[in-house]
Amino acid sequence: MSGFRFVHAADIHLDAPLAGLAGLEETVARRIRTATREAFAALVDRSLEERAAFLILAGDVFDDSDRDMRTAIFFADRMRRLASAGIRVFLLHGNHDAGSGITRHLPLPDNVRVFPADRATTFRIEELAVALHGRSYPKREVREDLAAGYPDPVGDFFNIGVLHTALDGREGHANYAPCSLEGLRAKGYDYWALGHVHGHEIVRRDPPIVFPGKLQGRHIRETGPGGAVLTEVADGTARELVFLDLDVVRWSRIELDVGELENIEEVQAAIGNAIGDAVDTEANGRFLICRVVLVGRTLLHDALAVELPRLRENASLDAVAKGAQGAWVERIELRTERPDRGRPDLGEDFDPLLDELVRLSGDPEFHREILGKEEFGRFLERLPAEVRQAPEDPILAALLEGDSDPLPLLEEARRQILGRIGRGTDARADSRRR
Ligand SMILES: [Mn+2]
């Protein structure tokens, strides 16, 4: 038997939107919107470059069964590219594209074979002595062991089982077409081309039982490289498995301990460094979408909540210039805690003052009184020119601009005070608990 190579991919979710990207700048949004498509184009190009004998798509090629016809036209066009190089495609429908209209209504070139959903079917490539066995999902939720109904291996052929399954259960994935590793091994096939689980995993080596993982990550739970597996077969055995990273946008969840940091500026700098490190070590030349999770016990806990929008904006501006493609900060998540010890002990005496502040912030009489005071106006006039021209404090800025809606200002003042004394931002709940 001669040697050949094939590419195994799954969970492409072609043209599905990437999640959690509200507020994205338009230039960045455009590049991200087309990510699943570009990654699929890269999969096709790479299959051509590697001179693969065939390409296996093990389910969830499309995101749902009634997608836009433009998706279908793009897909058919890529299939024709493969056809012109004599590369066959074996496509199986999973839970997301069960009963997909795309493969039923669109004429696909005849290099594409779709596994039927009514029973397990075998496709043979006589000149390579390869047999591919598979069954598409007849409906979205398949609770039975589909593999149990797969046929016996074809003698003296290289037998591949194509299956969309959660195996014996994988965290975060619906337990569809459950089956056991022993059950798969007992079939006597030479390679199991699985799909459904989005993390790349070589479950077993001999014979290989493989999840290629998602082709392109679509949200923050799909961090790390996305791609496909290139398998080299010689003398009827899968000799070598190579992961091809083909994603165009990558997601990273960065956990950053700020427990030792003294002030907001240090936190800002640390966020910038952490994103820079992630771009260097994880992006591999791609555009990186980051979520920064701040952890640790710190006196800055409340101040961080106040400063969060500014931290994120600065981090985003900074990230644009990182690496070859730049990065974007999807979110900064606060998971910090107030320290147990070292918290300023302000004593019980402080609580009435907080309560008063809460009461006054909702009292229009007080607003008129304080903002209408002559002394207050004189205080603003006497500020040094450089402060008046570029006030850093948002409250002062609003007052100087004559923004006299006092409610948000007092609310901001309360938040700042609470932040600086290391108290919760919800003073009402805080003071009543005692
Ligand atoms: Mn799936």
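In this predicted model, the axes of helix H2 (residues 35–49) and helix H3 (residues 69–84) come within 10 Å and cross at roughly 10°. Angles under 35 degrees count as roughly parallel, and H2 and H3 are therefore roughly parallel to each other. On the H2 side, the residues that take part in the meeting are Arg37, Phe40, Ala41, Val44 and Ser47, while H3 contributes Phe74, Arg78, Arg81 and Leu82. Sorted by class, this contact of H2 with H3 has five nonpolar, one polar and three charged residues.

The backbone also deserves attention at several places. Most residues other than glycine have a negative phi, and most peptide bonds are trans.

Beyond the end of H2, in the loop between H2 and strand S2 (54–58), stands arginine 51. Arginine 51 is not a glycine, yet has a positive phi of about 50°. With 11 other C-beta atoms within 10 Å, arginine 51 is exposed; a residue counts as exposed if that number is 12 or fewer.

The remaining site concerns a peptide bond. The bond from aspartate 206 to proline 207 is cis, and its omega is near 0°. Proline 207 belongs to the loop between strand S9 (201–205) and strand S10 (208–211).

Technical notes: Residues numbered from 1 in each chain as written. Predicted model: local features only at pLDDT ≥ 70, side-chain atom pairs only at ≥ 80, totals over all residues. Axes fitted to C-alpha atoms, helices over the stretch in contact; angles between N-to-C directions. Helix = DSSP H or I, 4+ residues; strand = E, 2+ residues; numbered from the N terminus. Parallel < 35°, antiparallel > 145°, perpendicular 65-115°, else oblique. Contact = placed C-beta atoms within 7 Å. Nonpolar A, V, L, I, M, F, W, Y, C, P; charged D, E, K, R; others polar. Buried ≥ 20, exposed ≤ 12 C-beta atoms within 10 Å, placed from the backbone.
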